[in-house]
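Here are my notes for a first look at this structure. They cover pockets and charged pairs.

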Amino acid sequence: MIVDRIENLEKYFSLNPLFKEVAEFLKANDMNALETGIHKIKGDDVFVNIQEAKGKTAEQAVVEYHRQMVDIQIPFSGIETYGYIPVADLPEVEFNEAKDVALLPGVASQSYVTCRPGMFVIFFPQDGHAPFISDEPLLRKAIFKIKDNK
């Protein structure tokens with residue numbers, strides 16, 4: 001997991017060359033003007049899902065993880081906290097290969113990080129994460145999905 005400011009995203013291009021596609025998309029688009037839903041950037045290798053949802057408590061947030069994709073999550077309308085727990089510490093559950101996700105409701109995060117607008121968090125396949133922890137009545141955010149370059 002990485003937490004940083006958007007202007008520093010280019011420092012992480014060496015971790016996955018597709019991160020450059022995300023940075024270019026952010027520079028070329030007004031993220032607040034994009035409609036909710038999925039916007040393709042580079043086929044199925046890079047896309048963004050613009051979401052709006054009511055903030056949750058840490059107890060309501062559901063831990064999830066992915067095997068094929070890396071998440072770069074960016075809150076736009078307010079502060080968002082993310083729960084974190086290493087996948088190695090999670091119990092075995094059914095994994096949805098088609099959606100590249102396992103959901104673990106009721107599992108507590110081990111730690112938390114908070115992002116403000118202008119920041120991002122990167123979750124790799126080894127990172128279990130619980131998004132949408134916020135006091136915001138409606139949180140607008142971008143979830144960039146990037147194919148992991150294992």
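1. A term first. In these notes Ala, Val, Leu, Ile, Met, Phe, Trp, Tyr, Cys and Pro count as nonpolar; Asp, Glu, Lys and Arg count as charged; the others, Gly among them, count as polar. Note also that the model is predicted.

2. The second largest pocket. Its space comes to about 180 Å³. The lining divides into 5 nonpolar, no polar and 5 charged residues. Ile6, Leu9, Phe13, Ala23 and Leu26 are among the residues that line the second largest pocket.

3. The largest pocket. About 420 Å³ of space lies here. The lining has 21 residues. Nearest the centre lie Gln51, Glu64, His66, Ile143 and Lys145. Strands β3 (46-53), β5 (69-75), β10 (127-133) and β11 (139-147) each give two or more residues to this lining. By class, the lining has 11 nonpolar, 4 polar and 6 charged residues.

4. Charged pairs. Side chains of opposite charge can pair when their charged atoms come close. How many salt bridges does the count give? The count comes to 6. Three of these pairs follow.

5. Arg140 and Glu52. These two form a salt bridge, with the closest N and O atoms 3.0 Å apart. Arg140 lies in strand β11 and Glu52 in strand β3, so the pair ties together parts that are 88 residues apart in sequence. Is Arg140 buried or exposed? Buried counts as under 20% relative accessible area. Arg140 has 11% relative accessibility, so Arg140 counts as buried. Glu52, at 41%, counts as partly exposed.

6. Lys141 and Glu80. Here the closest N and O atoms of the salt bridge are 2.7 Å apart. Lys141 lies in strand β11 and Glu80 in strand β6, so this pair ties together parts that are 61 residues apart in sequence. Lys141 has 0% relative accessibility and therefore counts as buried. Glu80 is buried too, with a relative accessible area of 0%.

7. Glu97 and Arg67. Their side chains meet in a salt bridge at 2.9 Å, N to O. The pair links distant parts of the chain, 30 residues apart. Glu97 sits in the loop between β6 (80-86) and β7 (102-104). Arg67 sits in the loop between β4 (63-65) and β5. At 32% relative accessibility, Arg67 counts as partly exposed.

8. Where to look again. Strand β11 gives residues to the lining of the largest pocket. Strand β11 also holds Arg140 and Lys141. Strand β3 gives residues to that lining as well, and Glu52 lies in strand β3.

Note on methods:
Residues are numbered from 1 along each chain as its sequence is written. This is a predicted model: local features need pLDDT of at least 70, side-chain atom pairs count only at pLDDT 80 or more; totals for chains, interfaces and linings use all residues. Side-chain values use heavy atoms; hydrogens and water are left out. On a 1 Å grid over the protein atoms alone, a cavity is a set of points where a 1.4 Å probe fits but cannot get out, and a pocket is an open set with protein on both sides within 12 Å along at least five of seven lines; lining residues have an atom within 4 Å of a point. Grid points are joined across faces, edges and corners, and a volume is the space filled by probe spheres set on the points. Helices (H or I, at least four residues) and strands (E, at least two) are DSSP runs, numbered from the N terminus. A salt bridge is a side-chain nitrogen of Lys or Arg within 4 Å of a carboxyl oxygen of Asp or Glu. Buried means under 20% relative accessible area, exposed over 50%, partly exposed in between (1.4 Å probe, protein chains only).
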